[in-house]
Structure formats: C-alpha cells, structure tokens
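Please work through each task before reading its solution.

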Amino acid sequence: LLDLEAAARAERRGLWATSRFTVFDASELTEPPAGFYFVNARLGPIVPLAEEVRFPPACRRVLEDAALVLDVRRDARTACGLPDGVSVLVRGYVSDGLLDLTYPRHLQERPDIE
C-alpha cells in the first residue's frame with residue numbers, strides 16, 4: 001500500500017490533491033499552527049533531553065535545516081537508530097516546535113529525496 005500511496009502522492013491524485021494532505025518540507029514549517037502534518041525531512045543528530053521531561057520520548061532528533069525537532073515515542077524507537085542524513089517522510093502532530101512520531105509506520109525512508 002505504501003507504494004500505491006507514494007504514486008498517488010507524486011501525481012497528486014485523490015486525497016493527495018487536497019490542501020489538507022500537502023506534504024511540507026521541514027524547512028517550510030518555521031512556526032506552524034498545531035496540527036497533523038506530512039513532513040519531508042533529513043534526520044540530524046539525537047539531542048539530549050531535559051531532565052524535567054515528565055513523559056520522555058525514546059529520543060529527540062534534530063531535523064536538518066528546520067525549526068522542528070522530531071520527538072520519537074517508544075513504539076517508534078527504531079527511528080532513534082537511523083543514521084544522520086537519512087531523508088524521511090514523517091506523519092505526525094506538530095506542537096510547540098516538536099513533530100511527534102508515535103508509530104513506526106508513520107516514518108518512511110525516502111531515498112528519492114535529496
């Protein structure tokens with residue numbers, strides 16, 4: 001299904017033709033309103049967590065050339081082990097400068113994005 005979705009997204013068919021399903025580059029989202037987004041990004045390094053985080057994520061990763069930080073939840077912790085520089089498509093909720101990655105299938109590696 002992910003291959004079919006990728007083809008529909010590339011050709012802007014079906015729901016991918018609507019503004020609600022726009023895929024943004026992470027660099028475009030400087031101060032986005034809270035909401036669910038589809039974001040193309042390049043993973044950067046893991047950043048340390050503040051000790052006062054009540055429900056800490058598995059890790060936090062910088063998104064290169066972006067104001068957002070990827071907050072990786074425990075179920076999606078495989079994203080913590082991806083190398084820096086990998087291009088990805090992330091689906092997640094954005095709030096207060098954090099892009100929340102809750103489920104592993106909400107992150108796709110995108111070798112076609114440079």
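A polar contact is a pair of N or O atoms within 3.5 Å; within protein, one must be able to donate a hydrogen and the other to accept it, and residues adjacent in sequence count only if both atoms are side-chain atoms. The model is predicted: local features need pLDDT of at least 70, side-chain atom pairs count only at pLDDT 80 or more, and totals for chains, interfaces and linings use all residues. Residues are numbered from 1 along each chain as its sequence is written, and side-chain values use heavy atoms, with hydrogens and water left out.

**Exercise 1.** Determine with which side chain that of Arg-60 makes a polar contact, and whether Arg-60 is buried or exposed.

*Solution.* Step one: locate Arg-60 in strand β3, residues 59-63 (strands are DSSP runs of E, at least two residues, numbered from the N terminus). Step two: the partner is the side chain of Asp-71, at 2.6 Å. Step three: Arg-60 counts as buried because its relative accessibility is 17% (buried means under 20% relative accessible area, exposed over 50%, partly exposed in between, with a 1.4 Å probe and protein chains only).

**Exercise 2.** Find how many aromatic pairs the whole structure holds.

*Solution.* Step one: apply the criterion that rings of Phe, Tyr and Trp (its six-membered ring) pair if their centres lie within 6.5 Å; planes under 30 degrees apart count as stacked, over 60 as edge-to-face and the rest as tilted. Phe-24 and Tyr-37 are edge-to-face, 5.7 Å centre to centre with 65 degrees between the planes.

How values were computed: Helix = DSSP H or I, 4+ residues; strand = E, 2+ residues; numbered from the N terminus.
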